[in-house]
Amino acid sequence: MPVTHVKNSFAPPEVGGDVLVVKDLHFSYPDGHSALHGVSMKLSVGDKVALVGPNGAGKSTLMLHLNGILGGHGEVEIAGQRLTRDNLPAIRAMVGLVFQNPDDQLFSPTVFEDVAFGPLHMGLPEADVRARVDAALEAVRMTSYRDRLSHHLSVGEKKRIAIATVLSMNPSLLILDEPSAGLDPRARRTLINLLRELPITMLVSTHDMKLVQELFPRTIVMDEGRVVADGLTTEILEDETFLTAHGLEKP
Amino acid sequence: MHFDAFDRYHEKESFLHRLDPRVKALVTVIFIVSNALLPDGAWLAFIFGWIFLIAANLLSQLGIGYTLKRSLVALPFALIAITVLFTIPGKPLFTFQLFASHFTVTDAGFLRFVSILIRSWLSVQMAILLVAVTRFPDLIHALEHLKVPAILTTIIAFLYRYLFVLTDEVFRLLRARESRSAATTGNRSGGGVLWRARVAGNMAGQLFLRSYERSDRIYNAMLSRGYSGHLYTLNAHEMKPRDYYVTALAIVVIFVTQILGRF
Amino acid sequence: MLYSPVQPMHIPDGFLSLAISIICWVITASVLGLAISKTNKSLGEKQIPLMGVMAAFIFAAQMINFPVAGGTSGHLLGGALAAIVLGPWAGMLVMTSVIAVQGLLFQDGGLVVMGANILNMGLVTAAVGYGLYRSAASQSKSVKLGVAGVAAWLSVMTGALLTSLQLWLSGTSDLQVVIPAMLGVHALIGVGEALITVSALAFIIQTRPDLLAEGSESAKGSRNWVFVGGLIALVVVLFSPLASASPDGLERVATDMGFINASQSAPYSIIPDYTLPFLGETAISTILAGVIGVIVVGAVIVLVGRGIKARA
């Protein structure tokens with residue numbers, strides 16, 4: 001399938017300063033298991049950051065804090081707004097969280113209904129909702145899928161539609177959990193091209209080190225609930241001892 | 001298992017396909033009610049209803065015999081009605097003997113039995129056609145329009161969405177069980193009934209847990225997109241002129257059928 | 001065929017009279033209305049995704065089978081299990097959705113008779129299953145599981161009994177034949193139901209007991225359910241031999257009430273006699289028949305008018 005690199009017309013809202021600020025985040029699960037031990041990070045507008053680490057490092061737990069599904073001790077700021085229980089609806093419009101399993105993300109019978117869910121629940125009028133759905137599907141290059149039944153789609157198609165379901169909310173920050181997991185090479189290549197084109201601040205958790213190398217200039221490494229590295233991808237990937245110590249491999 | 005194992009919709013650009021789903025659902029129900037109202041032995045009305053059905057088949061572009069081919073699905077249930085052959089008083093048609101008892105089939109009984117079968121046969125075909133020309137999500141919208149409570153239509157929508165996903169899991173569990181259901185020569189295999197029941201129950205329990213945890217993740221996904229307890233839907237079906245005309249026509253046809261049934 | 005058609009309790013259209021179908025719809029709609037208002041209060045935000053996925057679970061679980069004897073296999077209907085695990089009201093809503101999709105999408109069960117099917121397989125099974133299970137609420141685990149098995153078996157039998165009664169009152173089946181036949185067949189099917197329900201429940205209790213809706217009912221609400229479930233079960237146990245023993249008495253009652261007109265082959269004549277059932281040949285029924293005719297003509301005129309207006 002030929003790949004076309006068309007300039008993406010999708011544009012997230014204007015945000016000044018840091019899109020994401022996390023200050024000293026601690027979290028323990030109800031069963032006592034301590035998952036985050038003082039995590040801090042900052043993302044500026046336009047940053048594309050990879051989040052890597054072994055299983056159990058706390059990556060998914062961290063992500064669930066960034067739109068308020070989990071609440072720990074510490075501060076989370078999205079585009080200057082402090083995340084509290086009262087402004088969750090506003091935060092969730094700004095943070096687009098895409099889960100690992102697209103079957104969990106696509107819960108409506110048709111693609112249209114799924115992509116429309118976000119803007120509809122934001123209270124937008126019908127005409128706006130439709131416009132947003134069209135724009136989001138366009139951004140992921142799946143306009144022709146609008147009336148398709150969700151359960152008919154392949155894994156790769158579902159993953160791209162899942163991204164569309166959060167894009168329709170016009171978020172400032174896109175967070176993806178293992179986007180390339182389970183994809184065949186062609187679908188993976190399509191996804192990589194899509195992520196490359198989207199002009200939106202991104203934090204992507206992944207085990208796919210080649211993806212990290214190709215798409216993300218900056219990498220954050222987590223292990224055992226802590227941030228153990230945060231810097232240029234090229235530098236981090238050079239240090240093989242470091243990588244092995246934290247359950248990673250050089251691509 | 002292919003993802004369209006549970007699909008009954010056949011995509012076409014026919015007149016029926018383009019009708020509002022409310023109209024199709026209503027006409028189907030009116031047709032079935034009409035059949036229920038027809039007295040036994042109303043042959044003229046039954047044939048008229050059948051012609052209506054065949055016309056609908058043709059209009060759907062799915063082939064004149066589309067519903068006919070699938071219509072035998074309810075046949076086994078006919079057994080339950082077999083007793084009317086003998087118990088309805090009337091002129092005896094013929095008698096036979098089974099295990100020292102005499103059974104007499106009466107004319108009224110025969111009429112009742114055949115009429116039950118015909119009513120059922122006609123009704124099930126219309127129901128088959130309904131889902132062949134209406135996408136199921138649109139049918140759910142029709143139910144919403146027809147004032148079925150939102151909580152029920154939403155559960156049905158979720159059920160439809162995850163039907164394939166969960167039954168696929170079941171089939172994988174069943175296949176895994178089968179792969180481990182070996183037998184060595186000379187030994188009777190299979191385990192006792194209780195053990196088999198326990199395995200089946202474990203599969204069901206396993207499936208339940210996975211489903212429960214899946215619903216938690218779905219809930220998180222809904223939260224992430226702004227869900228806060230109330231579900232909003234866009235339900236953009238507008239009745240066009242032809243929808244009203246078709247409904248009116250269907251009512252006339254049903255009325256004529258009922259009149260024919262009284263002769 | 002992937003999805004096995006026609007299970008013995010799914011009544012197709014044409015086998016129940018319109019009167020019985022309507023009565024069952026009225027009962028079903030009332031109970032469902034109650035169930036909806038009750039679930040809105042208890043489960044909160046999570047109820048929609050939970051019940052939705054659980055409905056798919058029940059549907060899928062109905063495909064899990066195990067060979068019982070000589071080519072037959074045990075299956076799960078799921079009414080008791082759904083009610084025990086999700087609570088009675090949520091269980092009813094879930095089962096209703098399953099039965100609705102089975103009827104709509106797969107023609108497993110009719111559309112006009114769906115009210116009866118929901119009542120038999122969704123509402124009564126949940127009530128009996130939950131009610132009897134709750135009666136053992138304070139007992140040990142093995143007693144609870146044993147009672148759950150009995151509850152599941154009885155739930156199936158109650159559904160079968162109701163189905164038989166509906167078929168008889170519709171003039172489709174003879175009472176003396178349909179009750180022993182249905183109850184006999186379902187006594188066996190009920191064993192399969194009991195076995196799978198118990199072992200699934202045991203599995204859940206062992207792995208995630210916190211998921212069971214045991215704490216959701218108040219003590220008083222629980223007692224009501226035990227009462228209802230027990231009452232229905234009692235009716236099943238007493239009624240079945242009674243029905244086989246003296247069918248004539250029951251037939252007479254039913255004929256007096258106007259349900260059965262075994263002597264007439266056309267019980268519902270509207271035209272040319274211009275009468276309505278249950279009212280007999282009086283002036284009132286004649287007038288009513290005329291009114292109905294006018295309403296039908298009026299409806300056609302309105303629809304055509306709407307069609308013309310929509311075009312304009």
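# Three chains, one tour

Visitor: How many residues of chain C are in contact with chain B?
Guide: Contact here means that the C-beta atoms of two residues, placed from the backbone, lie within 7 Å. On the chain B side, 88 residues take part. On the chain C side, the number is 82.

Visitor: What kind of model is this, and how does the numbering go?
Guide: Residues count from 1 along each chain as its sequence is written, while chains are lettered from A and ligands numbered from 1 in the order in which they are written. Local features need pLDDT of at least 70, side-chain atom pairs count only at pLDDT 80 or more, totals for chains, interfaces and linings use all residues, and the model is predicted.

Visitor: Back to chains C and B: which element gives the largest share of the side of chain C that touches chain B?
Guide: Helices (H or I, at least four residues) and strands (E, at least two) are DSSP runs, numbered from the N terminus. Those giving two or more residues to this side include helix H1 (18-42), helix H4 (88-106) and helix H10 (283-311) of chain C. The largest share, 13 residues, comes from H2(C).

Visitor: And by class, how many residues of that side are nonpolar?
Guide: Ala, Val, Leu, Ile, Met, Phe, Trp, Tyr, Cys and Pro count as nonpolar, Asp, Glu, Lys and Arg as charged, and the others, Gly among them, as polar. The side of chain C that touches chain B has 17 polar and 7 charged residues, and the number of nonpolar ones is 58.

Visitor: Now chain B against chain A: which helix of chain B gives the most?
Guide: There, 25 residues of chain B are in contact with 29 residues of chain A. By class, the chain B side holds 16 nonpolar, 4 polar and 5 charged residues. Helix H6 (136-145), helix H7 (150-179) and helix H8 (193-224) of chain B each supply at least two residues. The most, 8 residues, comes from H8(B).

Visitor: Which residue of chain B is among those that touch the most other members of the largest nonpolar core?
Guide: Such a core is a set of buried Ala, Val, Leu, Ile, Met, Phe, Trp, Tyr and Cys residues joined through C-beta atoms within 7 Å. A residue is buried if 20 or more other C-beta atoms lie within 10 Å of its own, exposed if 12 or fewer, and partly exposed in between, with C-beta atoms placed from the backbone. The largest core has 240 residues, and Ala55(C), Ala56(C) and Val94(C) touch the most other members together with Leu159(B).

Visitor: Is Val143(C) buried or exposed?
Guide: Val143(C) is in helix H6 (residues 141-169) of chain C. Its C-alpha atom and that of Thr96(C) are separated by 29 Å. Val143(C) has 11 C-beta neighbours inside 10 Å, so it counts as exposed.

Visitor: Which residue in the turn of the E1(B)-E2(B) hairpin has a positive phi?
Guide: Strand E1 (residues 92-98) of chain B and E2(B) run antiparallel, joined by 6 bridges, and strands count as paired if DSSP finds at least two bridges between them. Thr95(B) stands opposite Thr104(B). The hairpin has 2 residues between its strands, and the one with a phi of about 50 degrees is Phe99(B).

Visitor: Which strands stand at the edges of the sheet of 6 strands in chain A?
Guide: This open sheet has the order E6-E7-E8-E3-E9-E10, with mixed pairing. Inside the sheet, strand E7 (residues 173-177) and strand E8 (residues 201-205) of chain A pair in the parallel sense over 5 bridges, and Leu176(A) has Val204(A) as its bridge partner. Two strands have a single partner each, so one side of each is left without a neighbour in the sheet: E6(A) and E10(A).

Visitor: And in the sheet of 4 strands, what is the bridge partner of Glu77(A)?
Guide: The order here is E2-E1-E4-E5 (chain A), with antiparallel pairing, and E2 and E5 of chain A are the edge strands. Strand E4 (residues 73-78) and E5(A) pair over 2 bridges. In E5(A), the partner of Glu77(A) is Arg82(A).

Visitor: Last one: what is the radius of gyration of chain A?
Guide: Chain A has 10 helices and 10 strands, and 47% of its residues count as buried. The radius is taken over C-alpha atoms, and the globule rule is 2.2 Å times the number of residues to the power 0.38. For 251 residues that rule gives 18 Å and chain A comes close to it, so chain A is as compact as a globular protein of that length, with a radius of gyration of 18 Å.
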